[in-house]
Amino acid sequence: MDSITLATPDDWHLHLRDGAAMADIVDHSARQFGRAVVMPNLKPPVTTTAAALEYRGRILAALPEGARFEPLMALYLTDATPAEEIRRAAEAPEIIGFKLYPAGATTHSEAGVTGIEKIHWALEALERHGVPLLVHGEVTDPDVDIFDREARFIESVLEPLVRRFPALRIVLEHVTTKEGVEFVQSCGPRVGATITAHHLLYNRNALLTGGIRPHHYCLPVLKRESHRQALVAAATSGDAHFFLGTDSAPHARPQKESACGCAGCYTALTAMELYALAFERAGALHMLERFASHNGADFYGIPRNGGTLTLHRTTWQVPETLAFGPERLVPAMAGESLTWRASRRSG
Ligand code: DOR
Ligand code: ZN
């Protein structure tokens with residue numbers, strides 16, 4: 001097979017940042033994806049519909065002439081999100097859901113939720129208005145081993161939440177463990193999960209092989225090989241619970257290559273090439289379209305994209321760095337060779 005053509009895919013979990021840095025990267029996503037769920041963890045966080053609509057306007061304004069790309073905005077849930085804000089978000093077609101960051105779990109999560117019991121009324125409102133909850137699924141208890149934080153979150157927070165709110169639609173974002181995969185599989189169709197390309201391609205050895213590899217550091221952190229295999233099996237199975245979310249999260253090079261480096265892998269430049277690599281290694285390229293172009297739209301109950309994206313089999317080298325506002329950014333697999341290359345999507 002020298003090329004694969006898919007219905008235009010979507011990225012159901014993306015960090016675009018803001019300002020000049022965003023303007024330098026947004027077209028990497030727009031070249032490959034029809035739509036993307038844009039994460040609200042800016043500083044300050046995007047907590048209101050009004051702020052999200054302004055941010056959306058800046059994203060659209062930063063696109064190159066003629067590029068078509070639909071940002072689907074997520075709002076940042078806090079202990080103090082007013083009921084009125086949930087109603088406003090439910091009425092705005094540009095808003096796709098609310099993101100739950102446990103306070104302290106990841107980049108710019110300081111304003112996040114400090115205890116799930118504090119937002120029970122907000123979860124009721126989301127359920128009542130039919131607004132999905134997008135979850136960063138890790139406990140933040142410093143006594144819990146960082147590699148166990150997702151599994152612990154599932155048993156102590158997510159499972160009770162799914163039971164208590166039987167109609168709430170929930171996405172376990174960037175699932176990284178066998179426990180996470182099995183939990184989502186055990187739920188009905190109102191619970192889904194996104195899977196990143198880096199968690200399909202790498203296990204935790206990638207963090208420490210031959211030295212500390214800060215560009216492989218993300219949250220949730222890479223897990224052991226058996227978990228990676230569970231993710232690959234889930235993504236390539238065609239199961240409608242699982243769909244593509246890159247969690248592409250750019251940080252300027254000095255913030256990554258530091259004594260206390262930031263979490264995030266920048267995969268947007270080569271997103272579909274990386275997923276194609278993971279699916280090809282699993283002998284499952286024929287399942288890529290469901291995962292990348294069908295399952296997410298079906299979960300959210302919005303039409304699948306028209307148009308197509310074609311990947312060609314050719315060897316090319318990923319650039320060492322990219323422009324990122326006043327700084328540079330190191331993309332995933334910088335300087336390495338890839339065997340698939342996506343052309344700009346059509347339609
Ligand atoms: O690695 C990550 N980076 N995980 C997150 O949850 C946030 C993201 C970011 O915004 O940098
Ligand atoms: Zn993220």
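The following conversation goes through a predicted model of a protein, from its overall build to single residues.

Trainee: What does the secondary structure of the protein come to?

Mentor: The protein has 11 helices and 13 strands. Its radius of gyration is 19 Å, close to the 20 Å that the globule rule gives for 347 residues, so the protein is as compact as a globular protein of that length.

Trainee: And what does the C-alpha trace span along its principal axes?

Mentor: The span is about 50 × 45 × 40 Å. The accessible surface comes to about 13,600 Å², and 51% of that belongs to carbon and sulfur atoms.

Trainee: How many of the residues count as buried?

Mentor: Of the 347 residues, 58% count as buried. As for contacts between residues at least 6 apart in sequence, 73% of them join residues at least 24 apart.

Trainee: Let us turn to the metal. Which residues are the protein donors of the zinc ion (ligand 2)?

Mentor: They are H13 and H15, each through NE2, and D247 through OD, lying 2.1 Å from the zinc ion. In sequence the donor residues follow the spacing H-x1-H-x231-D.

Trainee: Are H13 and H15 buried or exposed?

Mentor: H13 is buried, and H15 is buried as well.

Trainee: Next, helix α4. Which of its residues are buried?

Mentor: Helix α4 covers residues 120-129, and H120, A122, L123, A125 and L126 are buried in it.

Trainee: What covers those buried residues of α4?

Mentor: The cover includes α3 (83-91), β5 (95-100), β6 (133-135) and α5. Just after α4 comes G130, which takes a positive phi of about 70°.

Trainee: Which residue other than glycine has a positive phi near 35°?

Mentor: That is H174, found in the loop between β7 (170-172) and α6 (178-186). H174 is buried, with a relative accessible area of 2%. H108 also has a positive phi, of about 55°, although it is not a glycine. H108 is found in the loop between β5 and α4 and counts as partly exposed at 27% relative accessibility.

Trainee: While we are on the backbone, what is the peptide bond from K43 to P44?

Mentor: That bond is cis, with omega near 0°, and P44 is found in the loop between β3 (35-38) and α2 (49-62). The peptide bond from L219 to P220 is cis too, with omega near -5°. P220 lies in the loop between α7 (197-201) and α8 (225-236).

Trainee: Changing topic: how many salt bridges does the structure hold?

Mentor: It holds 16. One of them joins the side chains of E159 and R163, at 2.8 Å from N to O.

Trainee: Where are E159 and R163 in relation to each other?

Mentor: They are four residues apart in helix α5, so about one helical turn separates them. E159 counts as partly exposed at 29% relative accessibility, whereas R163 is exposed, with a relative accessible area of 59%.

Trainee: Which residue forms a salt bridge with K178?

Mentor: E182 does, with the closest N and O atoms 3.0 Å apart. Both residues lie in helix α6, four residues apart, about one turn of the helix. E182 is partly exposed at 42% relative accessibility, and K178 is partly exposed at 38%.

Trainee: What about E257? Which residue does it form a salt bridge with?

Mentor: Its partner is R253, and the closest N and O atoms are 3.0 Å apart. The relative accessible area is 39% for E257, which is partly exposed, and 35% for R253, which is partly exposed too.

Trainee: Which residues are linked in a network of salt bridges?

Mentor: E84, E85, R87, R88 and E91 are linked in that way.

Trainee: Finally, R149. Which side chain of opposite charge is nearest to it?

Mentor: That side chain is E138, 6.0 Å away. A salt bridge requires a separation within 4 Å, and R149, although buried, has none. R149 is found in helix α5 (residues 149-164).

Trainee: What does R149 touch, not counting residues up to four places away in sequence?

Mentor: R149 touches G137, E138, V139, D141, P142 and V144. Also in helix α5 is E155, which is exposed, with a relative accessible area of 54%.

Notes. Residues numbered from 1 in each chain as written. Chains lettered and ligands numbered in written order. Predicted model: local features only at pLDDT ≥ 70, side-chain atom pairs only at ≥ 80, totals over all residues. Heavy atoms only, no water. Helix = DSSP H or I, 4+ residues; strand = E, 2+ residues; numbered from the N terminus. Buried < 20%, exposed > 50% of the residue type's maximum accessible area, 1.4 Å probe, protein only. Lys, Arg positive; Asp, Glu negative; His and termini not counted. Contact = heavy atoms within 4.5 Å. Donors = N, O, S within 2.8 Å, 3.2 Å for Na, K, Ca; no water. Rg over C-alpha atoms; globule rule 2.2 N^0.38 Å. Areas by Shrake-Rupley, 256 points an atom, 1.4 Å probe, with all protein chains shown as cover.
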